[in-house]
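Morning, everyone. I have one structure to walk you through today. Please bring it up on your screens.

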Amino acid sequence: MVGLAHQTVEAEKALGADRVSDAGREAKPAPNLPKYQSIGNQLMDAIVDGHYPPGTYLPSESALMKRFGVSRVTIRLALNVLRDANLIEGHQGKGYFVCTLQAVQDLGRLQGFGELMAPLGVETRSELLSGEIVPAPADAAAALNLKRGEDIVKMRRVRIAAQEAMSIDVSFFPLDIGRALLELDLQNADVFALIERELGIDIGFADITMSVVPGDADVTGLLKMAQGDTVIRTERLTHDVAGRPLDFEYLYVRPDCHQFKVRVPRW
């Protein structure tokens, strides 16, 4: 395992290389942004682009002060931007540790994967593993109010952010919706956005159940986990505003890549 001191040296070397590629951005900071926010955004880009991988440390505050020509107060405010995005943790005496990129899902709001990652400024995409018409299995037929064995569309996708596989989505759609979706840009757009924007269907709500299960070889392989490692499985049934079920799916995610939050009233 690489020692922390060596990681810091390597990060300082990466810092020097970054100065060349980032020179244009540093010379012309984004207009109307406070200096600390502009610096925070540049550091966030460097983390997301892999210049500072998870498990390494950012350059020291002193190095960052020298790089950007600003005070320690400004650097600490910039680092707070990264901390608020759950991208770094401060370790006393060691510096700022880069965390694994995480999607933070508010369970009180129905969002697609791209919408979850948008606050971090992270580009997302999907890899469509398969899209086919199949006889409806029992669970999907019951959820979508169809007869068992009736034709439906099944899709398997890998959801990717910052070149990392974050989740595996196995989705089932009624035939009319699924066929239309297969003709659209599933690689670069969320299914929810396509349903609303391209198909003209207003999404109303979803029923969600979550559990922790052992990942099968297919799921753990795609998520770059060890076979048998546990994954979070979300079962989600999405309806339109009239209550018609549109999309039944299983979402398999790496526990270290996702956080879930919900506001719970006292009464």
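**A hairpin, a sheet and its salt bridges**

Start at the hairpin of strand 8 and strand 9. Four residues sit between the strands, and Gly-243 there takes a positive phi near 100 degrees. Before going on, a word on the source: this is a predicted model, where local features need pLDDT of at least 70, side-chain atom pairs count only at pLDDT 80 or more, and totals for chains, interfaces and linings use all residues. Residues are numbered from 1 along each chain as its sequence is written, and side-chain values use heavy atoms, with hydrogens and water left out.

Now the pairing. Strand 8 (residues 230–240) meets strand 9 in the antiparallel sense, over eight bridges. Strands here are DSSP runs of E, at least two residues; helices are runs of H or I, at least four; both are numbered from the N terminus. Two strands pair if DSSP finds at least two bridges between them.

On to strand 6. Residues 164–174 form strand 6, which pairs antiparallel with strand 9 (residues 245–253) over six bridges. Look at Tyr-250 in strand 9. Its bridge partners include Val-170 and Glu-235. Glu-249, also in strand 9, is the bridge partner of Ser-171.

How buried is strand 9? Nine of its nine residues are buried, meaning under 20% relative accessible area; exposed is over 50%, partly exposed in between, with a 1.4 Å probe and protein chains only.

Next, salt bridges. How many does a search of the whole structure find? It finds 10, counting a side-chain nitrogen of Lys or Arg within 4 Å of a carboxyl oxygen of Asp or Glu. One of them joins Asp-169 and Arg-157, with the closest N and O atoms 3.7 Å apart. Asp-169 lies in strand 6 and Arg-157 in strand 5, so the pair ties together parts 12 residues apart in sequence. Asp-169 counts as buried at 5% relative accessibility. Arg-157 is buried too, at 2%.

Then Asp-190 and Arg-159. Their side chains meet at 2.8 Å, N to O. That pair links distant parts of the chain, 31 residues apart: Asp-190 in the loop between helix 8 and helix 9 (191–197), Arg-159 in strand 5. Both residues are buried.

Last, Arg-197 and Glu-198. Their closest N and O atoms are 3.3 Å apart in a salt bridge. Arg-197 is exposed, at 54%. Glu-198 is partly exposed, at 45%. Elsewhere, salt bridges that share partners join Arg-157, Arg-159, Asp-169, Asp-190, Arg-236 and Glu-249 into one network.
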